[in-house]
Amino acid sequence: MYLRRLRDLREDHDLKQEYVARVLKITRQQYQLYESGKRSLPIEKLIELCKLYNVTSDYILELTDNTKNI
């Protein structure tokens, strides 16, 4: 599941949940629900996260281990 990858990406970029939530224009509590799997990640937020981390949606969704398109 993509939950681990969301947290790993955030931590690898030395970001706090508060910062990512601000980028997504949501509260930290809402973002924490995405990261914990208690709420599904909307496609619009997935796209924003791909842009933030400069990775593909397939990478975030754990469909591949490649961060970039081939």
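**Exercise 1. Overall architecture**

Which pattern does the chain follow, read along the sequence?

*Solution.* The model is predicted, so local features need pLDDT of at least 70 and side-chain atom pairs count only at pLDDT 80 or more, whereas totals for chains, interfaces and linings use all residues. Residues are numbered from 1 along each chain as its sequence is written, and side-chain values use heavy atoms, with hydrogens and water left out.

Step 1. Helices (H or I, at least four residues) and strands (E, at least two) are DSSP runs, numbered from the N terminus. The chain comes to five helices and zero strands.

Step 2. Along the sequence, the pattern reads α-α-α-α-α. The radius of gyration is 11 Å, close to the 11 Å that the globule rule gives for 70 residues, so the chain is as compact as a globular protein of that length. This radius is taken over C-alpha atoms, and the globule rule is 2.2 Å times the number of residues to the power 0.38.

Step 3. The C-alpha trace spans about 35 × 20 × 20 Å along its principal axes.

Step 4. Buried means under 20% relative accessible area, exposed over 50%, and partly exposed in between (1.4 Å probe, protein chains only). Of the 70 residues, 34% count as buried.

Step 5. A contact means heavy atoms within 4.5 Å. Among contacts with a separation of 6 or more, 49% come from residues 24 or more positions apart.

**Exercise 2. Lys45 and Leu24**

Describe the surroundings of Lys45 and of Leu24.

*Solution.* 

Step 1. Lys45, a residue of helix H4, is buried at a relative accessible area of 15%. Leaving aside residues up to four places away in sequence, Lys45 touches Leu24, Ile26 and Tyr34.

Step 2. Leu24 belongs to helix H2 and is buried, its relative accessible area being 0%.

Step 3. With residues up to four places away in sequence again not counted, Leu24 touches Tyr31, Lys45, Glu48 and Leu49.

Step 4. Leu24 and Asp12 are twelve residues apart along the chain, and their C-alpha atoms are separated by 18 Å.

**Exercise 3. Charged side chains**

How many salt bridges does the structure hold?

*Solution.* 

Step 1. A salt bridge is a side-chain nitrogen of Lys or Arg within 4 Å of a carboxyl oxygen of Asp or Glu. The structure holds six salt bridges.

Step 2. One of them joins Glu11 and Arg7, with the closest N and O atoms 3.7 Å apart. Both residues lie in helix H1, four residues apart, about one turn of the helix. Glu11 is partly exposed at 41% relative accessibility, and Arg7 is partly exposed at 31%.

Step 3. Glu35 and Arg10 form another salt bridge, at 2.8 Å from N to O. This pair links distant parts of the chain, with Glu35 in helix H3 and Arg10 in helix H1, 25 residues apart. Glu35 is buried at a relative accessible area of 10%, and Arg10 is buried at 9% relative accessibility.

Step 4. Arg28 forms a salt bridge with Glu18, the closest N and O atoms lying 3.8 Å apart. Arg28 is in helix H3 and Glu18 in helix H2, so the pair ties together parts that are ten residues apart in sequence. Arg28 counts as partly exposed at 29% relative accessibility, as does Glu18 at 39%.

**Exercise 4. A charge over a ring**

Over which ring does the charged end of Arg5 sit?

*Solution.* A charge sits over a ring if NZ of Lys or CZ of Arg is within 6 Å of the ring centre and within 35 degrees of the ring normal. The charged end of Arg5 sits over the ring of Tyr59, 4.0 Å from its centre.
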